[in-house]
Amino acid sequence: MDFKLRKAEPADVSDILRLVKELAKHEEMEDQVLLTEKDLLEDGFGETPFYRCVLAEVQTETSSDAETSSGSKVVGFAMYYFTYDPWVGKQLYLEDFFIMEAYRGQCVHHSSSSSSLSLIMTRIISVCVSGLGIGSELLRHLSDLAVTCRCTGMMFVVAENNEPSIRFYKRRGAEDLSKDEGWRVFRFDRDSLLRMATPTEE
Amino acid sequence: MDFTVRAATKEDCKDIWRMITELAVYEKMADQVKISPEDLERDGFGQNPLFECLVVEVPEEQKSTDGFIVVGYALYFYTYSTWTGVCVHLEDLYVMPHFRGNGIGKSLLSKVAQIAKQKQCARLQLCALEWNTPSRDFYAYKGAQDLTATEGWHMLRFDGHTLDSLAQEDAKGS
């Protein structure tokens, strides 16, 4: 199965939202996704894009009755934007990075019969089709983009219990700035933000 | 103490650069500043600005011992959450040591929050160093959640040769 990477277009917002929700579901936070397709359209494809997106697409074949039709399916995405480090300049910030489970580097499950021979064959087939390399290629594509766009670094945040992701990034040379330099990430939510925004009487 | 908070102009780049360097010294990373005032002008005041900046000015009669009237700054930019949309990231917030304790930091943070509110941002995010207790306490007091503590968030980066290697990596052969 081959795949290709391409820049997202306005017509892709429903696929982007689908994958955003799938990623959130994976983190058990699906109800926290408040964005709509309309938000994604305005924010990503309006006059001032607040994000950019690269999609991973595979070719699909479906058959019904005597006909076979082919199409494509969006199976992964990376959402990023440009930020600024006042010490070294422009950075590419990777906000979301997700490949659908079935297309990642793990066994793809096929239905199998109960005979031991076909079970063995299924396992072999599963191992052979795992690991399309979409994640690696996406990361390579993004870093190439970062270099082309004059960024001095590519940054992102990962939860420390997300060991597969941390291994994936560290294997490729990422530095853990929280561990090595002691940087901690802080957030003000809407309520705190509104409280701070209201001028208090001195 | 009298002071005003205003949007920075390109004429402020030398002062902003000076204070970026002072903040880096405070963070014990002075050798990591590679940027110049010209870079700041190109990146923040050109056609597609990568950041916005507020500066704090004091009257001439209250200038610093070295003669500066620009005594603080906040540098921020817009980011995007796939859950809530546009957010503000406060990258730097700094007040010269002599001018602290007069509500300048609070005023800068409040102004950034107002800007975030105007743009209908749901979040304001920032990073602070582990050992920087004054800053961490200040942000906690103002209602910030430490996501490194509560959710285990770690900041990762590829830069320099690791970024170049990654860009040149042959996907099939890796």
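**Where the chains meet**

Modeller: Start with one pair of side chains. Arg184(A) makes a salt bridge with Glu130(B), and their closest N and O atoms lie 2.8 Å apart. Keep in mind that this is a predicted model. Across the interface of chain B and chain A there are four salt bridges by the rule used. Strand 7 of chain B, residues 153–159, gives the most to the side that touches chain A, with seven residues. Sorted by class, that side of chain B has 36 nonpolar, 17 polar and 18 charged residues.

Now the extent of the contact. Chain B brings 71 residues to it, and chain A brings 70 residues. The size of an interface is often given as the accessible area lost when the parts come together. Between chain B and chain A, the buried area is about 7200 Å². Carbon and sulfur atoms give 61% of that area. On the side of chain B, the residues that lose the most area to chain A are Tyr80(B), Trp83(B) and Arg157(B). Together they make up 14% of what that side buries. Polar contacts also link the chains: 26 residue pairs are counted, with both residues at pLDDT 80 or more.

Strands cross the boundary too. Strand 5 of chain A, residues 153–159, pairs with strand 7 of chain B. The pairing is antiparallel and runs over seven bridges. Within it, Met154(A) has Phe158(B) as its bridge partner.

Glu130(B) is partly exposed, at 39% relative accessibility. Arg136(B) is partly exposed as well, with a relative accessible area of 22%. In chain A, salt bridges that share partners join Lys4(A), Arg6(A), Asp12(A) and Glu57(A) into one network.

Other salt bridges lie within chain B. Asp12(B) and Arg6(B) meet in one at 2.8 Å, N to O. Asp12(B) is buried, with a relative accessible area of 5%, whereas Arg6(B) is partly exposed at 26%. Glu60(B) forms another with Lys63(B), at 3.1 Å between the closest N and O atoms. Lys63(B) is partly exposed, with a relative accessible area of 39%. Over all chains, the structure holds 20 salt bridges.

Asp15(B) is worth a stop. It sits in helix 1 of chain B, residues 13–26. Asp15(B) counts as buried because its relative accessibility is 19%, and the cut-off for buried is under 20%. Beyond its neighbours within four places in sequence, Asp15(B) is in contact with Phe68(B) and Val70(B).

Last, chain A as a whole. Its secondary structure comes to seven helices and seven strands. Along the sequence they follow the pattern β-α-α-β-β-β-α-α-β-α-β-α-β-α. Of its 202 residues, 44% count as buried.

Terms used. Residues numbered from 1 in each chain as written. Chains lettered and ligands numbered in written order. Heavy atoms only, no water. Contact = heavy atoms within 4.5 Å. Buried area = accessible area lost by both parts, 1.4 Å probe. Salt bridge = Lys/Arg side-chain N within 4 Å of Asp/Glu carboxyl O. Polar contact = N/O pair within 3.5 Å; in protein donor to acceptor, adjacent residues only side chain to side chain. Helix = DSSP H or I, 4+ residues; strand = E, 2+ residues; numbered from the N terminus. Nonpolar A, V, L, I, M, F, W, Y, C, P; charged D, E, K, R; others polar. Pairing = 2+ DSSP bridges. Buried < 20%, exposed > 50% of the residue type's maximum accessible area, 1.4 Å probe, protein only.
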